[in-house]
Amino acid sequence: MPAGGLVPRATDDPADLVVRNAKVHTGDPGRPQAGAIAVRDGVITVVGDDQDIAPHVGADTRVVDALGRRVVPGLNDAHLHVIRGGLNYVLELRWDGVPTLRQGLAMLREQAARTPKGQWVRVVGGWSAEQFAERRLPTVAELNAAAPDTPVFVLHLYQSAVLNRAALKAAGYGRDTPDPKGGQIVRGRDGEPTGMLLAAPSALILYSTLAKAPVLRGEDQRISTRHFLRELNRFGLTSAIDAAGGFQNFPENYGTVRELAKSGQLSLRIAYHLFPQTAGQELADLARWIDIARPEDGDAWLRLNGAGENLTWAAADFENFGQPRPELAPGYETEFEKAVRLLMENGWGFRLHATYDETIHRDLAVFEKLAADGLFPAGNRWLFDHAETVSPASLDRIAALGGAMSVQNRLSFQGEAFLRRYGPGAAADAPPIRAMLERGLTVGAGTDATRVSTYNPWVALHWLVSGRTVGDLPLRPPANRVDRTTALEMFTRAGAVLTGEDEVKGVLRPGAYADLAVLSDDYFTVPEPDIAHIESLLTVTGGRIVYGAAEYEGLDEELPPVSPGWSPVAHYGGYQASRPGAARSAGVRQAELIGEAVAESERHRAWRVRRGLIEDAADTPFDPCFVL
């Protein structure tokens, strides 16, 4: 829309898109602030003010008025399981952002009623019991009552899953089913499974059970992935680094994103990794991939970034903070060293899942051994993921070997469990973000969504800045927090460094990709608790408007309807949150939670009455402290 005197004119260099009347945070030290941006052929051509872009407004230029809102570079999640998440998105009931268990169970009950026979209702990641007013998990009895005949699987963090009676039957779990290695099927006094599965400490029992549920095929996978990418665009994400993961096989599970890239239908740039899936054949898999592909194969939308986040299964620790730290097998270093040598000698980078310093310490000893052969540092991009308990000494060794770090807000959701097990001192340094930055390490930030954390990057940005969990528990003190500018850089420029794209991504300047987000609230001035409630109103990737809301609704590209029609996403959408621009004050949120807790308390009183545990005295205050 022509506005503010920007009248289309004849020009030899017309922009495809102009965003003006904005508070642009460019991320470029040479020009940190601007008021307008011009885009042509997916690349930024001008960053400046109205007078700078006016000569580039032609007859066909789309001019978007940001109405004085904050504009930032498109966000880049440095550790997201976006490929796997996309293949399953429309099958999952999301409890991300749901404030009460009561609401979550109501959603589940409604979804069970519309789910056809043979399908499951699955709640997989993005929530924690600590976010609920009730501060607890659903019970098996509640799941059975909500869905007597439809299988229900509810995954809680890396710790447990709750299944109803129908899901136990569908999964084939009975009295004679043995406990898998590293997991426990909880049983009642009669020996039958109760419906609770425990990671003890391995989450494999949880993921292998989930894998028994039906999956999407063909066109439904493509539609699911496109809707998931649109959901990520909703929060200003324009790039992600896919960390691969269990049950994500190459090349078959990568086929959908490759097809979408080929047809120009990706709305998010993806740099992906390859993860050996079968213990005992990791070296063979890596060697086969090295023969057929090279890092950076692909294009600006879809490209190979390296191996990981596991190289060998024996070298991987677990992140279930409800259980003691696992002891890795002695001697895993032999095969691990072979894998790392193979990658480094062939120019492949890698990322490594490592929760504990004990794991990192052993891995670094292998790298230092290979450094004697000139393989570290050798220019290959490599990093440690997670690193909640990495020590200062290990950080010094990582820096000396040319490594980097990628941290995720896993403790937004597991912080209470970590605190109970390791105490406030360890929690204050988990992970030691400031110590990483002080050593000059590149530190990318991400979510590790979707099976535990939410994919909403603003929840992670809030955690980086505030040090608080989704249950509002403060863990990291100011000395181990980062300011808003640094946190945003970790979610933009740093991720681009990890994929070797920092010249064209993570910054708004001429020659860079036209990836940006117009925000619902000003990230730099909004009250700290409201950072988690920010959304994008307009997201642009490669000069294309890939998401629009509020004044910009309908400007984005049309998507096919969600399929299948009974999908939870078709009825509830994804992340459950207030609409953009409706960030709530802490007082309003507190009042909401009190009201929700009172309602739950009354339901609990009624439950006790029905079971004869107390007398039905409706006029009597529930709390005996108020009895005169």
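Visitor: What makes α10 oblique to α11?

Guide: Helix α10 (residues 333–345) and helix α11 (residues 357–371) pack at an angle of about 50°, their axes 10 Å apart. Axes here are lines fitted to C-alpha atoms, for helices over the stretch in contact, with angles from 0 to 180 degrees between N-to-C directions. Angles under 35 degrees count as roughly parallel, over 145 as roughly antiparallel, 65 to 115 as roughly perpendicular and the rest as oblique. Therefore α10 is oblique to α11. The model is predicted: local features need pLDDT of at least 70, side-chain atom pairs count only at pLDDT 80 or more, and totals for chains, interfaces and linings use all residues. Residues are numbered from 1 along each chain as its sequence is written, and side-chain values use heavy atoms, with hydrogens and water left out.

Visitor: Which residues make that contact, and how many of each class are there?

Guide: From α10 come Glu333, Phe336, Glu337, Val340 and Arg341, and from α11 Arg362, Asp363, Val366, Phe367, Lys369 and Leu370; contact means heavy atoms within 4.5 Å. By class there are five nonpolar, no polar and six charged residues. Ala, Val, Leu, Ile, Met, Phe, Trp, Tyr, Cys and Pro count as nonpolar, Asp, Glu, Lys and Arg as charged, and the others, Gly among them, as polar.

Visitor: Why is α9 called roughly parallel to α10?

Guide: The axes of helix α9 (residues 282–292) and α10 come within 10 Å and cross at roughly 5°. That value makes α9 roughly parallel to α10. Leu283, Leu286, Ala287 and Ile290 of α9 meet Glu335, Lys338, Ala339, Leu342 and Leu343 of α10. This contact has seven nonpolar, no polar and two charged residues.

Visitor: And what makes α7 roughly perpendicular to α8?

Guide: Helix α7 (residues 218–233) and helix α8 (residues 255–262) cross at roughly 75°, with axes that come within 10 Å. So α7 is roughly perpendicular to α8. Gln221, Arg222, Thr225 and Arg226 in α7 meet Thr256, Val257, Glu259 and Leu260 in α8.

Visitor: Which residues have the most contacts inside the largest nonpolar core?

Guide: They are Phe350 and Phe367, in a core of 125 residues. A nonpolar core is a set of buried Ala, Val, Leu, Ile, Met, Phe, Trp, Tyr and Cys residues joined through side-chain atoms within 4.5 Å. Helix α15 (residues 457–466) gives the most to this core, with seven residues. Beyond its neighbours within four places in sequence, Phe350 touches residues including Val340, Phe367 and Trp382.

Visitor: How do you know that Leu157 is buried?

Guide: Its relative accessible area is 3%. Buried means under 20% relative accessible area, exposed over 50% and partly exposed in between, with a 1.4 Å probe and protein chains only. Leu157 is therefore buried. Leu157 lies in the loop between β10 (152–156) and β11 (160–163), and its phi is near 55°, a positive value in a residue other than glycine.

Visitor: Why point that phi out?

Guide: Because most residues other than glycine have a negative phi, and most peptide bonds are trans. Asp472 also has a positive phi, near 70°.

Visitor: Where are cis peptide bonds found?

Guide: One joins Ala200 and Pro201, with omega about 0°. Another runs from Gly308 to Glu309, where omega is near 15°. Glu309 sits in the loop between β16 (302–307) and α10.

Note on methods:
Helices (H or I, at least four residues) and strands (E, at least two) are DSSP runs, numbered from the N terminus.
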